Amino acid sequence: MTEWFNETLYKDIAQRFAVAKVIFRERTGHQDLVIFENPVLGRILALDGVIQTTEGDEFIYHEMLTHVPILAHGRARRVLIVGGGDGGMAREALKHRALERVTMVEIDRGVVDLCATHIPSIGAAAFKNPRLDLVIADGAAFVKSCDDWFDVIIIDSTDPQGPGAVLFTREFYQDCKRCLTPGGILVTQNGVPFLQPDELRGTAARLRGLFADTAFYVAAVPSYYGGFMAFGWGSDSSDARRVAPDELARRFAAAAIDTRYYTPALHVGSFALPRFIERLTGG
Ligand code: SAM
């Protein structure tokens, strides 16, 4: 008799995953955490009933939220990741040897420790990297009191519920902007527009009031049900999003990074939005 994990993100539509084995389950200080094995996607992390990352398709999401802003920036030396407890975002960012430091601010020590132990393939190596500064704190409180600076800020949060809700506010984006260097870039995990249109609409309005250049780009991540996932983009540099394809290709070759999803051509193409998503962004 197959046991199933039924995702509870949406009220009227849901996906389920066969549970070959429950690896670990506990209520951490912040959220209900479960790590289980699925025959198709490998080990899966879920928080508060919502799929966060899977061994099978995490590379898509982590590559697109790191290499797009870092290669677009071209001279990044310091990156801030808010969230990212599984370590996958830090793993991809740290592939850029030109980065002096990656600071990762994760609210739940339990996610870091349990993912490093039970899904080591995603981020365990990152946690041992001397260029990683791991801070266990609320990302919103961190940027509010932060007197450090970053060239790229990546919001790798849960959905806007529970501890993640504060990471979708204008105040938080404003505090992030204050921590960005001139020409710096903020990118956000912004849900699946087909099923979470308000999340996109809300971020578009908040970013537009803060940055000279706001945009969204997309990628389809199989375990984030509903089609394209959107990533928010905010920067006061109008050039960063318009780097010529051959320059992106040069930077990508110079970085000598091994990817399974990201390519410079896909980077450029990912900003071409389906009309219904453009409309949601007010574009
Ligand atoms: N890929 C996933 C997605 O798109 O939903 C995100 C994965 S990552 C595991 C999300 C992380 O955000 C979790 O580790 C969670 O603990 C962390 N998080 C949630 N709220 C936070 C906050 N206010 N400050 C810092 N980290 C937070």
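Residues are numbered from 1 along each chain as its sequence is written, and side-chain values use heavy atoms, with hydrogens and water left out. Because the model is predicted, local features need pLDDT of at least 70 and side-chain atom pairs count only at pLDDT 80 or more, whereas totals for chains, interfaces and linings use all residues.

Strand β4 spans residues 32–38, where strands (E, at least two residues) and helices (H or I, at least four) are DSSP runs numbered from the N terminus. Of its 7 residues, 5 are buried, so strand β4 is largely enclosed by the rest of the structure; buried here means under 20% relative accessible area, exposed over 50%, and partly exposed in between, with a 1.4 Å probe and protein chains only. Strand β4 runs antiparallel to strand β3 (residues 21–27), to which 6 bridges join it, and two strands are taken to pair if DSSP finds at least two bridges between them.

The ligand is surrounded by 27 residues, the closest being Q31, E106, D138, G139 and Y224, where a residue is counted if one of its heavy atoms lies within 4 Å of the molecule. Polar contacts are pairs of N or O atoms within 3.5 Å; within protein, one must be able to donate a hydrogen and the other to accept it, and residues adjacent in sequence count only if both atoms are side-chain atoms. A polar side-chain atom of Q31 is 2.7 Å from a ligand oxygen atom, and an N or O atom in the side chain of Y61 is 3.4 Å from an oxygen atom of the ligand. From the backbone, a polar atom of G139 lies 2.8 Å from a nitrogen atom of the ligand. Taken alone, the ligand exposes 600 Å², of which the protein buries 99%, the accessible areas coming from the Shrake-Rupley method with a 1.4 Å probe. The elements that give two or more residues to the shell around the ligand are β5 and β8 (101–106).

Two further residues lie in strands. V152 belongs to strand β10 (residues 150–156) and counts as buried at 0% relative accessibility; its C-alpha atom is separated by 15 Å from that of G84, 68 residues apart along the chain. Q189 lies in strand β11 (residues 180–189) and is buried, with a relative accessible area of 4%. The side chain of Q189 reaches the backbone oxygen of T158 at 3.4 Å, and a polar atom of that side chain lies 2.6 Å from the backbone nitrogen of G191.

Most residues other than glycine have a negative phi. D48, in the loop between β5 and β6 (50–54), has a positive phi near 50 degrees and counts as partly exposed at 29% relative accessibility. A256, in the loop between α8 (245–255) and α9 (264–269), also has a positive phi near 50 degrees, and A256 is exposed, with a relative accessible area of 52%.
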